[in-house]
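This report goes through a protein chain from its overall layout to individual side-chain pairs. The sequence and structure come first.

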Amino acid sequence: MIEVVGRIVASESAGLWIEAAPGSCDGCRSHCLRPASVFYLPTGRSDGVRPSSEADAPLAISNYAAGSSQVVIGLDSVERLNILWHSLLLPLVGLLMGVSLSSIISLTDSVVITGAILGFGTGLFLCKTQTFDKIHIKKAGNL
């Protein structure tokens, strides 16, 4: 599981503003003082962030005090693979299948390029959009 520890800087009725350093900064020894990123996680809608376990459910935004609460934001391995498949691998497989099938038909450049474009487009068309419900969030004390 990929996990990033962040600090809540503001809370709203529909989500949280979280400040977190990039994951690569945790193991870095250069101490470049790279600024942390601030991002928004929606929690009040059906496509919002889900609690990581039953102990954390339901995710009550009122329990998170801005500026003092630390949270752990995570993504499971299965969900990472699903996102990878639908963002990179499916269009790549479509591209390679389009090139392979069009080269069987004809080896001219125009046919192979057309097959590659059609295969890539088919791969993109088959991709599913991902929602925020893949992200797990829990208080840092529940590690």
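A residue is called buried when its relative accessible area is under 20%, exposed when that area is over 50%, and partly exposed in between, using a 1.4 Å probe and protein chains only. This is a predicted model, in which local features need pLDDT of at least 70 and side-chain atom pairs count only at pLDDT 80 or more, while totals for chains, interfaces and linings use all residues. Residues are numbered from 1 along each chain as its sequence is written, and side-chain values use heavy atoms, with hydrogens and water left out.

**Confidence**

The predictor's confidence in each residue is given as pLDDT, from 0 to 100. The chain averages 76, and 69% of the residues score at least 70. Confidence is highest in helix 2 (residues 109–126), with a mean of 94, and lowest in strand 4 (residues 50–51), with a mean of 49. Over residues 54–63, pLDDT stays under 50. For that stretch the model has 19 contacts beyond four places in sequence, a contact being heavy atoms within 4.5 Å.

**Layout**

Helices (H or I, at least four residues) and strands (E, at least two) are DSSP runs, numbered from the N terminus. The chain has 2 helices and 6 strands, and their order along the sequence is β-β-β-β-β-α-α-β. Of its 143 residues, 27% count as buried. Among contacts between residues at least 6 apart in sequence, 69% join residues at least 24 apart. By the Shrake-Rupley method with a 1.4 Å probe, the chain exposes about 9100 Å², of which carbon and sulfur atoms supply 63%.

**Nonpolar core**

A nonpolar core is a set of buried Ala, Val, Leu, Ile, Met, Phe, Trp, Tyr and Cys residues joined through side-chain atoms within 4.5 Å. The largest one here has 8 residues: Ile8, Leu16, Ile18, Leu41, Val71, Ile73, Ile135 and Ile137. Strand 2 and strand 5 (70–75) each supply at least two residues of this core. With its neighbours within four places in sequence left aside, Ile73 has contacts that include Ile18, Leu41, Ile135 and Ile137, as well as Phe39 and His136.

**Side-chain pairs**

Side chains of opposite charge can pair when their charged atoms come close. A salt bridge is counted when a side-chain nitrogen of Lys or Arg is within 4 Å of a carboxyl oxygen of Asp or Glu; the count is 1. Arg7 and Glu19 form this bridge, their closest N and O atoms being 2.4 Å apart. Because Arg7 lies in strand 1 (residues 2–11) and Glu19 in strand 2, the pair ties together parts that are 12 residues apart in sequence.

Rings of Phe, Tyr and Trp (its six-membered ring) pair if their centres lie within 6.5 Å; planes under 30 degrees apart are stacked, over 60 edge-to-face, and the rest tilted. The structure holds 1 aromatic pair. The ring centres of Trp17 and Tyr40 are 4.9 Å apart and their planes are at 50 degrees, so the pair is tilted. Trp17 lies in strand 2 (residues 15–20) and Tyr40 in strand 3 (residues 37–42), so this pair ties together parts 23 residues apart in sequence.

The table gives the accessibility of the paired residues.

| Residue | Relative accessibility | Class |
|---|---|---|
| Arg7 | 31% | partly exposed |
| Trp17 | 32% | partly exposed |
| Glu19 | 25% | partly exposed |
| Tyr40 | 25% | partly exposed |

**A histidine in helix 1**

His86 lies in helix 1 (residues 77–105) and is buried, with a relative accessible area of 15%. Beyond four places in sequence, His86 is in contact with Leu126, Cys127, Lys128 and Gln130.
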